[in-house]
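Here is a friendly walk through some of the labels used for this model. Each question asks what lies behind a label, and each answer sets a value against its cut-off.

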Amino acid sequence: MKRLTLTDILVTVIIAVVFAIVYRLWGPVNDSLKLFPLQINELMYGMWFIAATVAFLIIRKPGVALIAETAAASGEFIVGSQYGLEVLVYGVMQGLGAEIVFALFFYKSFSLFTTSLAGAASAGGSFVMDWNRGYMADLATWNLTLVLVLRTLSGILIAGVLAYYLVRALEKTGVTDLLRPSSKSDLDTLEK
């Protein structure tokens with residue numbers, strides 16, 4: 001198992017800073033969608049999980065998903081998150097969800113399936129937080145089901161599928177060559 005280098009940590013933090021800004025800008029988008037019925041805003045929730053999966057697919061080492069998501073949540077807080085300090089705990093739980101999935105595959109699977117599973121597990125981390133906040137228990141069963149299904153689907157599509165293809169596009173440009181060689185075998189590994 002490869003250990004994290006200073007370069008790995010710095011790149012992870014840079015990825016987190018980029019997503020921290022995205023996360024901060026995403027809050028008003030999510031809030032505007034709350035005007036629509038049937039929990040439609042939950043379809044956008046997966047954006048808050050993407051730092052973990054993107055960072056892991058680029059760095060490919062243990063701990064990166066958790067560090068990235070926690071650092072992105074910290075950055076979101078620093079730039080003025082409308083959700084306050086609580087966003088840090090959400091970041092830890094969401095990052096932990098993704099990290100557990102990558103660990104289950106011994107940090108050797110970089111496939112669309114694994115990434116999508118990590119996105120779904122990040123949604124699971126957010127559910128733990130929401131349940132502890134108390135409002136999920138107040139939802140009617142049909143409404144709770146909508147939240148669970150739509151947020152999990154969002155985690156799969158945004159933090160899974162979108163992250164996977166975003167990193168794949170970055171690999172093709174050679175941007176990640178300094179971290180690890182971008183070769184045909186690297187791209188083929190993403191296919192597994």
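Q: Why is Asp-130 called buried in this predicted model?
A: Asp-130 has a relative accessible area of 1%, and buried means under 20%, so Asp-130 counts as buried.

Q: What makes Asp-130 and Arg-151 a salt bridge?
A: Their closest N and O atoms are 2.6 Å apart. The cut-off is within 4 Å, so the pair qualifies as a salt bridge. Glu-42 joins them too, in a network of salt bridges.

Q: Which parts does the pair of Asp-130 and Arg-151 tie together?
A: Asp-130 lies in helix H5 and Arg-151 in helix H6, so the link spans parts that are 21 residues apart in sequence.

Q: Is Arg-151 buried or exposed?
A: Arg-151 has 0% relative accessibility; with buried set at under 20%, Arg-151 is therefore buried.

Q: Why is Lys-34 called partly exposed?
A: The value for Lys-34 is 48% relative accessibility. Buried is under 20% and exposed is over 50%, so Lys-34 falls in between and counts as partly exposed. Its salt-bridge partner is Asp-31, which at 30% is also partly exposed.

Q: How do you know that Lys-61 and Asp-8 form a salt bridge?
A: Their side chains meet at 2.5 Å, N to O, and the limit is within 4 Å, so the pair counts. Lys-61 sits in the loop between helix H2 and H3, Asp-8 in helix H1, 53 residues apart. Both are buried.

Conventions: Residues are numbered from 1 along each chain as its sequence is written. This is a predicted model: local features need pLDDT of at least 70, side-chain atom pairs count only at pLDDT 80 or more; totals for chains, interfaces and linings use all residues. Side-chain values use heavy atoms; hydrogens and water are left out. Helices (H or I, at least four residues) and strands (E, at least two) are DSSP runs, numbered from the N terminus. Buried means under 20% relative accessible area, exposed over 50%, partly exposed in between (1.4 Å probe, protein chains only).
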